Amino acid sequence: MSTHSQPESRPLNLALLTVSDSRGEDQDTSGQYLEDRILEAGHRLVARRILPDDVYLVRALMSEWIAAPDVHAIIITGGTGFHERDSTPEAVMPLLDKTIDGFGEEFRRLSQTEIGSSTVQSRAFGGLANHTAIFCLPGSTGACRTGWEGILADQLNSVCKPCNFSALLLRKPERQVQRLQQRIGTKAER
């Protein structure tokens, strides 16, 4: 009989953004789906917002969340298509230190069985910035389900083997935020 115990899952602090020009809280089924899955998985939802599809608004909020010491990962739903207003990749990619190329590749592979060749129109992607993982999904609830169930549930789970993002995300340094606050001040000082 083995005396080894199973490692306990370590919760992460997640922020959730819906990018949409037309959805409010009551219509945000994708954001609600993701919030429910995040909480069911034992993680903490530290922020949830809905913003219009505007490069500078999205970039400003992402910069704030990336710098925040208590945000380990960000999930964005919406703005990843080819409509002229879809601008999530353009807003977020300049902020990344590294891309997670396999995230978009795996998302499109999984989506192919559900939506066929239309998956080539998905600009889903992932990346890392300041020890913060950022995962950008299409705006449909089905796409969010595919991304969560097929990739994110495991990759944000600290006991998933052979590897996951948790160990890296839980090492997020606080010094950059302290330096930033020294330079620009806190909200109360501005």
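**View 1. Val92 and its contacts.** Val92 touches Val58, Met62, Ile76, Phe125, Ile134 and Cys136, leaving aside residues up to four places away in sequence; contact means heavy atoms within 4.5 Å. This is a predicted model, where local features need pLDDT of at least 70, side-chain atom pairs count only at pLDDT 80 or more, and totals for chains, interfaces and linings use all residues. Residues are numbered from 1 along each chain as its sequence is written, and side-chain values use heavy atoms, with hydrogens and water left out. Val92 sits in helix α3 (residues 88–92); helices (H or I, at least four residues) and strands (E, at least two) are DSSP runs numbered from the N terminus. Because its relative accessibility is 0%, Val92 counts as buried, a term for under 20% relative accessible area (1.4 Å probe, protein chains only). Between Val92 and Cys136 there are 8.9 Å in space, C-alpha to C-alpha, and 44 residues in sequence.

**View 2. The largest nonpolar core.** Ile75 and Leu156 touch the most other members among the 25 residues of this core. A nonpolar core is a set of buried Ala, Val, Leu, Ile, Met, Phe, Trp, Tyr and Cys residues joined through side-chain atoms within 4.5 Å. Helix α5 (141–155) is one of the elements supplying at least two residues, and α5 gives the most, with 5. Partners of Ile75 include Leu34, Phe135, Trp148 and Leu156.

**View 3. Helix α5 and its cover.** Buried residues here include Thr141, Cys144, Trp148 and Gln155. Among the elements covering the buried residues of α5 are α1, β3 and α6 (166–169).

How values were computed
Buried < 20%, exposed > 50% of the residue type's maximum accessible area, 1.4 Å probe, protein only.
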